[in-house]
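Student: Could you go through this model with me, beginning with the terms we need?

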Amino acid sequence: MKKTLVIASACFLFWQSGLMATETKASQERASKKDVSVYQVAWRCPAALQIGCGSHAKPVLLELEQNPSVSEAWLNRQGTAVAVVWKENAKRKARRDAEKTLKEAKASKLSGETRTRTRADFESGKGWYRGAEVDRLSEEEAGVIAARWVRRVQAKTTLAEERAEGLRGALTEGLKKCLTGKAAMPETQEGKAQELKRVAGPFLDEKQLEILNEAAGCGMRAMPDEE
C-alpha cells in the first residue's frame with residue numbers, strides 16, 4: 001500500500017511539474033506575441049543615479065496610457081528604457097500620436113540587438129514599473145536624499161544615532177510626499193526653512209536646524225566629495 005502511495009505521489013509531482021513548465025512556456029509565448037516597442041530614454045534620477053526618476057517618468061507614462069492605441073507603458077528601474085505595449089488593431093494615427101509624445105520626451109526607438117535584449121528584459125517581468133507604480137522609485141529617491149542631508153548635518157555637528165534615525169525617517173516621509181505629488185515643494189527659501197523646521201524640529205536644536213538648512217541648500221544631488 002505504502003509503495004503504491006509513493007509511486008502515485010511521484011507520478012503526481014511529475015505531472016504537476018510538467019504542467020507548470022507548460023504553463024510558463026505558454027505565458028512566455030503569449031508575451032512574445034504582444035506588439036511591444038521599446039525606447040531608449042535618459043530618465044535617470046539626478047539625485048539617485050542608480051534608479052529612474054519617477055517624478056519625470058510618471059506624467060509621460062500616464063499620458064501614454066490615455067492614448068487609445070496604448071495598452072500599457074512601462075519604465076525600467078534604471079530609467080534607461082521605456083516599453084510600450086500596443087493594443088490590438090490600434091489605429092495608425094493614435095499610434096503616431098503616442099510616438100510623438102515619446103519623441104517630445106526625448107525617447108528614441110530601439111532596434112536590432114539592443115531592442116532584442118531590452119524586450120527580453122521587459123518580458124522577464126522584473127524591474128519594470130508601470131504608470132503610477134514609478135512612485136516607488138520616487139519613494140526610494142526620497143530615502144537617498146534624506147540620508148544624504150543627514151550625513152551633511154552629522155559632518156558639522158554631533159547628532160545622537162537615535163535622533164539621526166528619527167530625522168532621516170521624518171525627512172524621507174516629507175520628501176516622499178513632494179516627489180510623488182502629494183504635497184507641494186515650497187518655492188521660497190523662507191518657505192523651505194519653515195517646512196524643514198516643522199519636519200526636523202523634534203530632532204534638532206536651533207543651531208542644528210541652521211546646519212540642516214545649509215545642507216538642504218546644497219541641493220538634492222550628491223556633491224563631488226559625496227558618494
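Tutor: Buried means under 20% relative accessible area, exposed means over 50%, and partly exposed lies in between (1.4 Å probe, protein chains only). This is a predicted model, in which local features need pLDDT of at least 70 and side-chain atom pairs count only at pLDDT 80 or more, while totals for chains, interfaces and linings use all residues. Residues are numbered from 1 along each chain as its sequence is written, and side-chain values use heavy atoms, with hydrogens and water left out.

Student: Okay, is asparagine 67 buried or exposed?

Tutor: Asparagine 67 is buried, its relative accessible area being 12%, and its place is in the loop between α2 (54-66) and β4 (70-76); helices (H or I, at least four residues) and strands (E, at least two) are DSSP runs, numbered from the N terminus.

Student: And what is asparagine 67 in contact with, leaving aside neighbours within four places in sequence?

Tutor: Taking contact as heavy atoms within 4.5 Å, asparagine 67 is in contact with Ala94, Asp97 and Ala98, once those neighbours are left aside.

Student: Switching to α6, which residues are buried there?

Tutor: In α6, the buried residues are Ala164, Leu167, Leu171, Thr172, Leu175 and Leu179. They cover an arc of only 135 degrees around the axis, which puts them on the same side of α6; the arc is that of the directions from the helix axis to the C-beta atoms.

Student: What covers them?

Tutor: The cover over the buried residues of α6 includes α2, α5 (135-154), α7 (189-200) and α8 (206-217).

Student: How many disulfides are there?

Tutor: The structure holds zero disulfides, a disulfide being a pair of cysteine sulfur atoms within 2.5 Å. For cysteine 53, the nearest cysteine sulfur is that of cysteine 45, 5.0 Å away.
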